[in-house]
Amino acid sequence: MKTAWKRYLDASLIFKITIALILGIAVGLIFGEQAAVLAPLGDLLLNLLTFLIIPLILFTMMVGINQSSIGDLGRMGGKVFIFYVFSSAFAIMVGLTVASLFQPGTGMQLQGNETFDVPDNPGVINVLLNIVPSNIFTAFTELNLLGIIFTAFAFGIALSYMRQSSELESLGDHLYKTVNALNEVTLLVLKAILQYVPIGIFAIMAETVGSQGFATLLSLGEMVLVLYAALIVQILLYTLVLLLFKVKPGQFFKQARTPMLTAFVTQSSSGTLPLTLTAAKNLGLSKSLYGFSLPLGATINMDGAAIRIAVSAVFAANLVGDPLSLSEMLMVVLVGTLASIGTAGVPGAGIVMIATVFVQLGLPMEAVALLTAIDALVGMGCTALNVTGDLVGSTVIDKNEQKRKTA
C-alpha cells in the first residue's frame, strides 16, 4: 500500500490527470446518470481550489508589486489590458470566420417552446465600479476577483512605500518578509492539493459525460464541432504569436497543459487560477506581472467565451433562415467584446454574453434556451481556451518586457 501511494506521488501530474480523464469518460459512458454519485468528489476539488484563490492573489500580488517599480507596473498593466481587449475581439472574428465557413444550424428549425430566464447583465460601468469594494471582507466572501485584485494592489503599493520610507523602512521590511512567508506557505498548501486534482477531475468528468450522454451531442453535434474547430484555430494562432515573440510552443504548452485540462473539466477559469499561477511560475515569468495579469484575465479575458458568442450568433441566425450580414458581424465583434468585460464574474457568464448579443441583434431568445442544452459540452473547451489566452498574454508581455530591459 505504501509503495502504491509513493508511486502515485512520484507520477507526473499531467499523467495522472490524463488517466483520470480517460477513466472518467469511461465511467460516465458505462453508468450514465448513475455516475452523479461521484459528484461530491468533484465538488471537493472545486472547493479546495477556490479555497486558495484569495491567499494566492493577495500574497502573490503584494510580493510581485514589491519586486518592481510603480512605473513598470503601470506600463505592464497597460499592455495587459490592451492585449486582453484585442485578444477577445480577435477571437470573435475567428469564431465568425469558422462559423461562416461551416454554417451551423442551417436546415434546423426552432420548436418555439424553449424558454430560458436570462440573468441580468451588470454592464461595463457596474463591473468597473465593482473593482473598488465597499467592504474588503465582502469582496473576499463573495470572491469578487476584481475587488481582491484592487485590495492586493492597494496594500502592495502601501507596503512598497513603507519599505522606501526612512521612518517606516524597518516595519516595511518585516511586513514584506511576513507576506513573502505567507505566500510560500500558500504554495506548499497548493502542492498538497495538487495530489487530489486527478481524483476530482475523474469525478467531474464521469458526472458530466453521464449526464450529457450522446442524445444531446447528436442533436446539436454540428454546433459543438464547429465551435471546437474555432477553438483549435485560435490555439494555432496562439502558437504563431508565441513563435513571433520567440517563445518555444513546446515548452509553453508543457507547463500550460495542466491548467488547460483542469479548466476543461472544471469549467472554471477562476477555480483553475491556482494551477495557472503555478504554470506561470514554472515558465519563469515575472511574479510582478503574472501576479495581477492572470487574476485579471480570469475575470475579464474570455477568448473561449468570445468564440462561443460568435458561433452561437451564426447558429441562431441560421435557425431563423436569416444569415448574418457584414454589418451584423461587426456588431457581434463590438457588442461581444464589451459583453465579455461587462459580464465579468457573473455565474453562467457565457450564456449571459450570448443573450446580451442576441438582444442587440434581434436574434431569437429561444435559441439561447436551446444552447443551454450543450452548455457543459461547449463550456469545457471555451474555459480551457480562456485560461490558455491568459497565459499566452502574460508570456508574450513578459518576453516583451525582457526585451525592453536588455535594449
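**Exercise 1.** In this predicted model, H8 and H9 are oblique to each other. Find the packing angle and the distance between axes that go with this description, the handedness of the crossing, and the residues that make the contact.

*Solution.*
- Step 1. Helix H8 spans residues 145-164 and helix H9 residues 169-193; they pack at about 135°, with axes 6 Å apart.
- Step 2. Over 145 degrees would be roughly antiparallel and 65 to 115 roughly perpendicular; H8 and H9 are therefore oblique.
- Step 3. The crossing of H8 past H9 is left-handed.
- Step 4. H8 contributes Leu 159, Met 162 and Arg 163 to the contact, while H9 contributes Glu 169, Leu 171, Gly 172, Asp 173, Leu 175, Tyr 176 and Val 179.
- Step 5. By class, the contact residues of H8 with H9 are 6 nonpolar, 1 polar and 3 charged.

**Exercise 2.** Find the aromatic pairs in the whole structure and classify the geometry of Phe 83 with Tyr 84 and of Phe 252 with Phe 253.

*Solution.*
- Step 1. The search gives 2 aromatic pairs.
- Step 2. For Phe 83 and Tyr 84 the ring centres are 6.2 Å apart and the planes at 65°, so this pair is edge-to-face.
- Step 3. Tyr 84 has a relative accessible area of 3% and is therefore buried.
- Step 4. For Phe 252 and Phe 253 the centres are 5.1 Å apart and the planes at 85°, so this pair is also edge-to-face. Both Phe 252 and Phe 253 are buried.

**Exercise 3.** Locate Ala 26 and state its separation from Ala 206 in sequence and in space.

*Solution.*
- Step 1. Ala 26 belongs to helix H2, residues 13-31.
- Step 2. Its relative accessibility is 31%, so Ala 26 counts as partly exposed.
- Step 3. Ala 26 and Ala 206 are 180 residues apart in sequence, and their C-alpha atoms are 7.4 Å apart in space.

Notes:
Residues numbered from 1 in each chain as written. Predicted model: local features only at pLDDT ≥ 70, side-chain atom pairs only at ≥ 80, totals over all residues. Heavy atoms only, no water. Axes fitted to C-alpha atoms, helices over the stretch in contact; angles between N-to-C directions. Helix = DSSP H or I, 4+ residues; strand = E, 2+ residues; numbered from the N terminus. Parallel < 35°, antiparallel > 145°, perpendicular 65-115°, else oblique. Left-handed = near helix turned anticlockwise from the far one by under 90°. Contact = heavy atoms within 4.5 Å. Nonpolar A, V, L, I, M, F, W, Y, C, P; charged D, E, K, R; others polar. Buried < 20%, exposed > 50% of the residue type's maximum accessible area, 1.4 Å probe, protein only. Phe/Tyr/Trp six-rings, centres within 6.5 Å; stacked < 30°, edge-to-face > 60°.
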